[in-house]
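Work through the exercises below with the sequence and the model open. Each task is followed by a solution in steps.

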Amino acid sequence: MSDPEVPPHTEDGQRASPTVPEVLPQPDDGQPTTPGGPELPPQSDDWQRVSPKYVGVELVSAAIGALVLCGITVPFIVLGTWFGWPALSLAVVIGVLNLAFAPRRVRSIGYRLRADDLVFRRGIMFHRRVSVPYGRMQLIDINRGPVARALGLAELKFVTAAAATGVSIPGLVESDADALRDRLVGLAESRRIGL
Amino acid sequence: MSGAPEVAGTGKTGRPDLVDGEWHRLHPATPLLRGGIALIAVLGFALANFRERAVELVFGGPVPDDPFQTAYERGHLGWVGLALVVGLLVGIAGFYASWRMHTFRVGDDVVEVRSGIMFRTHRRARLDRIQGVSIARPLFARIFGAAKLDISVAGQDAKVQLSYLGSADADRLRREVLLLASGVQQSEAEADHAGGAADPAGAAASLSTSIGTAAVPGPPDGIVHQRVRELLAPELDPSAAPPESVVRIPPGRLIGSLVLSGFTVALLVVGAIVVVASVTGRQELLVIILVPGVLAAGGYYFNRFTKSLRYSIAGTSDGVRIGYGLLSTSNDTLPPGRIHAVEVSQPLLWRAAGWWMIRINRAGAAGEGSGQTSTTMLPVGTVDDVRRVLGLLLPGLAGEQTRELVLAGLVARKGGGFSAAPRRSWPYQPLSWRRTGSAVTADAVLLRSGFVWRHLSIVPFARVQSLRLTRRPLHRALRLSELTVHTVAGPVRSNLSALDAEAADESFEAWARAAVRAAAADTAHRWASHPALTDPAPDPEETRHESL
């Protein structure tokens, strides 16, 4: 398996310098690996972003989180403790910051389909990047939360034999998610390895 | 039992071929060993009473006061006798039926077990997915010459359990299952069965054949002799493994390691508190806490001691074999490539003695319940033992230069072929930043960390599930990254909490590539069909078939 030297990607998700997309050795079982996935970008070393609509999901969850945080402080205000109001203002500040950074956070989510592995990254403050070889994927889930479903989005979750892997790509357009799932299952099948 | 499965032969009489693809039954004494003890007790109770009755009938004498007498006096003896007989018959019939319905079959690719009378279970496991084969001999079963065979595959509670088999049958079945799983070609396996083993795989396989013949004495008349021999036989047959690959633990060191454990420290602290408290007035506290405490601690030590006594690790042709136990013995065979991560660690108290312990991550823990014994490869050993055990667990580490690397990974304070974390990472690792680092061999990555509690984790690239690089706010401020290698769940910790960010990026990419490459080249699921070991020219069809 020849590995092209991966160009160093830039941290903020800008497209890496254009390289010739490596032609993937297709699984030779005659099945197309991307059934109904014309909108899916070709295999490449570029970072793929999730749908901008996913900001909606993030905003809703951030808003709920902020409300809960504020709600916790209410009893202290009612009881008249000295830290009631400061706690509330802190909660508001945290909530607003959280909401304000939602688009930035969504932009930080990215995945990259390389020749032999999937690289996933997310987070600005708590940045993490995970590489999962295709052959290691044991199963792939598609989850849809209520807000995501209203926006026509889905989440793709990968399970390997290691519980800690925990890679899930949120905010994929549903048809993309299905296509990506089928493609990844095909890739996993063609590179099936033991445990 | 009209629905009873057809069975080729029992697992006991003669020496039927257990891997001929036909259904076989377990050892006939299985019901007895699995809980028929209660039946025996009831029978014994009844018989003892009848004997007293008989004695009294012949010689006369005082009427004993027992349930039979009560029943007799009330004129219910007939009913009691009937109930007893019916109960016994139902019990015997039930156990007999469950034994009859419990059958197993070993084919070329799968091992299957059918069991249950009312609720039938049929379990089938692929041989190339075997993660370990263990044979346990609880004391009681050991006296009867029986053994329990567990074939474990990956997953929660995913094992095919054959309890009980004849002791020799269990050994033979293990050898043959491993032979089939190893991917040795059918013809070779057959030749091996016949006893003629002069083929490429032979050198190793003939060794195991000779165990079979050594462990199974021919004539049935020496049955007592055979039992005694089996009982006294060493846990690991000397002919199963070359002696230089066997690592043993002297009992003295075992006791020392138990005394120098965290448990002892906790015990001393509690003891000191109790003594102080009792001296300052509360005398009764001494009795209330100390007596049960001492008893519990003694039990813990005794348990740990007998469990680890006679611990031996040896390299056999079918992987590493770990045997342990004094009264109830157990051994566990890990085929090559079933070890997902290895950790060599040194508790602080052991440092003066220079002792280490080795634990592993494995998919699907075989053996008796507790995961602790089945993931501990070396309870306590010297650096030399560590080196030998590592060589057995990961043969790729047996080379000369990797030997230096491992030694550096264990004891060096810095350098020694390992990358180092920068000085600015001290907030994460105030003492060990010099030691924190990684090194890469041809087929594994070594992660070194810990200054006070020294750790060395080794993960074969072929077993890496995924890699993660994490950057938290403090990491970001100091230009650091955390790097984690994910493997299947287990006691091994395989991460480096703070590395230079750029070095971590490079390692991430390099290790990801190495993991993919190693996994693609890995043939451990059929270890003996590895081109370098047996076949100069591997059958492409076979390879293709297995890779899908």
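**Exercise 1. Chain A**

Solution. The model is a predicted one. Read along the sequence, chain A gives β-α-α-α-β-β-β-β-α-β-β-α. The inventory behind that pattern is 5 helices and 7 strands. Next, take burial: of the 195 residues in chain A, 43% are buried. Last, take the contacts in chain A between residues at least 6 apart in sequence; 56% of them join residues at least 24 apart.

**Exercise 2. The interface of chain B and chain A**

Describe the interface by its area, its residues and its polar pairs.

Solution. Step one is the area. The size of an interface is often given as the accessible area lost when the parts come together. Here about 2800 Å² is buried between chain B and chain A, and carbon and sulfur atoms give 52% of it. Gln465(B), Arg513(B) and Val516(B) supply 21% of the area that chain B buries against chain A, more than any other three residues.

Step two is the residue count: 32 residues come from chain B and 30 residues from chain A.

Step three is the polar pairs. Between the two chains, 9 residue pairs are in polar contact. The salt bridges across the interface number 2. Asp505(B) forms a salt bridge with Arg129(A), and their closest N and O atoms are 3.0 Å apart; the cut-off is 4 Å, so the pair qualifies.

Step four assigns the chain B side to elements. Strand 18 (466-471), helix 15 (473-478), helix 16 (501-521) and helix 17 (540-547) of chain B each supply at least two residues. Helix 16 of chain B gives the most, with 9 residues. By type, the residues on this side divide into 14 nonpolar, 8 polar and 10 charged.

Step five looks for strand pairing between the chains. Strand 4 (residues 127-133) of chain A pairs with strand 18 of chain B in the antiparallel sense over 5 bridges. In this pairing, His127(A) stands opposite Arg471(B).

**Exercise 3. Strand 3 of chain B**

Which strands pair with strand 3 of chain B, and are its faces covered or open?

Solution. On the one hand, strand 2 (residues 103-106) of chain B runs antiparallel to strand 3, joined by 4 bridges. Thr103(B) stands opposite Arg114(B) there, and a hairpin of 3 residues joins the two strands. On the other hand, strand 4 (residues 121-126) of chain B pairs with strand 3 of chain B, also antiparallel, over 6 bridges. Val111(B) stands opposite Ala125(B). This hairpin has 5 residues between the strands, and Gly116(B) takes a positive phi near 95° in it.

For the faces, recall that side chains in a regular strand alternate between the two faces of the sheet. Val110(B), Glu112(B) and Arg114(B) lie on one side of strand 3, Val111(B), Val113(B) and Ser115(B) on the other, and all are buried.

**Exercise 4. Backbone exceptions in chain B**

Locate a cis peptide bond and residues other than glycine with positive phi.

Solution. Most residues other than glycine have a negative phi, and most peptide bonds are trans. The bond from Ser163(B) to Tyr164(B) is cis, with omega near 0°. Tyr164(B) belongs to strand 7 (residues 159-166) of chain B.

Arg310(B) has a positive phi of about 60°. Arg310(B) sits in the loop between helix 11 (283-308) and strand 9 (312-316) of chain B, and is partly exposed at 32% relative accessible area. Arg479(B) has a positive phi of about 55°, lies in the loop between helix 15 and strand 19 (480-486) of chain B, and counts as exposed at 51%.

How values were computed: Residues are numbered from 1 along each chain as its sequence is written. Chains are lettered from A and ligands numbered from 1 in the order in which they are written. This is a predicted model: local features need pLDDT of at least 70, side-chain atom pairs count only at pLDDT 80 or more; totals for chains, interfaces and linings use all residues. Side-chain values use heavy atoms; hydrogens and water are left out. Contact means heavy atoms within 4.5 Å. Buried area is the accessible area (1.4 Å probe) that two parts lose on being put together, summed over both. A salt bridge is a side-chain nitrogen of Lys or Arg within 4 Å of a carboxyl oxygen of Asp or Glu. A polar contact is a pair of N or O atoms within 3.5 Å; within protein, one must be able to donate a hydrogen and the other to accept it, and residues adjacent in sequence count only if both atoms are side-chain atoms. Ala, Val, Leu, Ile, Met, Phe, Trp, Tyr, Cys and Pro count as nonpolar, Asp, Glu, Lys and Arg as charged, and the others, Gly among them, as polar. Two strands pair if DSSP finds at least two bridges between them. Buried means under 20% relative accessible area, exposed over 50%, partly exposed in between (1.4 Å probe, protein chains only).
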